[in-house]
Amino acid sequence: MFLGSYEHTIDEKGRLAIPARFRADLAGGMVVTRGFDRCLLIFPLPYWSDLTRRVSALSLVDEDARMLRRLLFASASEQEMDRQGRILLPQNLREAGGLTDQVLLVGLDAFIEVWAPERWREVQQRLESQGPHFDEQMRKLGI
């Protein structure tokens, strides 16, 4: 389970250190791809495999399904950590996420989002402004 947020830097070679708390769950490899809202997504291989089965089962004639396939698969990069717990973020993914040197890794249970700090602040502001909406969702979950 991936929880919490961590500030890290991308080095001059495009490598990103994975937080120590996340490394064991990613030791078998991972896939990094474009996410929603201009972030990157990091999926452990078992989760990625399940996700690809579900996405691939969507109809080819459904335009939204085709666009989702393109978003997830066209820029996906399979990665393994080096001895220092780093992965290489390909240039095309860094550009897609607007990532330069500082990033935030945000654990979201089964996967991780990678954000440019200024974009993450915008997301945080949206979260705060939508508080009552989330209250209703929590009630629907019985919480």
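Student: In what order do the elements of the protein chain run from the N terminus on?

Tutor: Helices (H or I, at least four residues) and strands (E, at least two) are DSSP runs, numbered from the N terminus. The model is predicted: local features need pLDDT of at least 70, side-chain atom pairs count only at pLDDT 80 or more, and totals for chains, interfaces and linings use all residues. Residues are numbered from 1 along each chain as its sequence is written, and side-chain values use heavy atoms, with hydrogens and water left out. The order of elements is β-β-α-β-β-α-α-β-β-α-β-β-α-α.

Student: What is the strand order of the open sheet of six strands?

Tutor: Strands of a sheet pair through backbone hydrogen bonds, either parallel or antiparallel. Two strands count as paired if DSSP finds at least two bridges between them. Here the pairing is antiparallel, and the order is 1-7-8-4-3-5.

Student: Which residue in strand 7 is the bridge partner of S5?

Tutor: Strand 1 and strand 7 (residues 102-109) run antiparallel, joined by eight bridges. In strand 7, S5 has as its bridge partner V106.

Student: How many residues of strand 3 are buried?

Tutor: Buried means under 20% relative accessible area, exposed over 50%, and partly exposed in between (1.4 Å probe, protein chains only). Strand 3 is mostly covered. The buried count is four of its five residues.

Student: What angle does the direction of helix 2 make with that of strand 4?

Tutor: Axes are lines fitted to C-alpha atoms, for helices over the stretch in contact, and angles run from 0 to 180 degrees between N-to-C directions. Contact means heavy atoms within 4.5 Å. Helix 2 (residues 45-56) packs on the sheet and touches strand 3 (30-34), strand 4 (40-44) and strand 5. Its direction makes with that of strand 4 an angle of about 105°.

Student: Are helix 5 and helix 6 roughly parallel or roughly perpendicular to each other?

Tutor: L127, E128 and S129 in helix 5 meet G131, P132 and F134 in helix 6. The axes of helix 5 (residues 117-129) and helix 6 come within 5 Å and cross at roughly 65°. Angles under 35 degrees count as roughly parallel, over 145 as roughly antiparallel, 65 to 115 as roughly perpendicular and the rest as oblique. The two helices are therefore roughly perpendicular.

Student: Is I143 buried or exposed?

Tutor: I143 is found in the segment after helix 6 (131-140). Its C-alpha atom and that of S77 are separated by 38 Å. The relative accessible area of I143 is 66%, so I143 is exposed.
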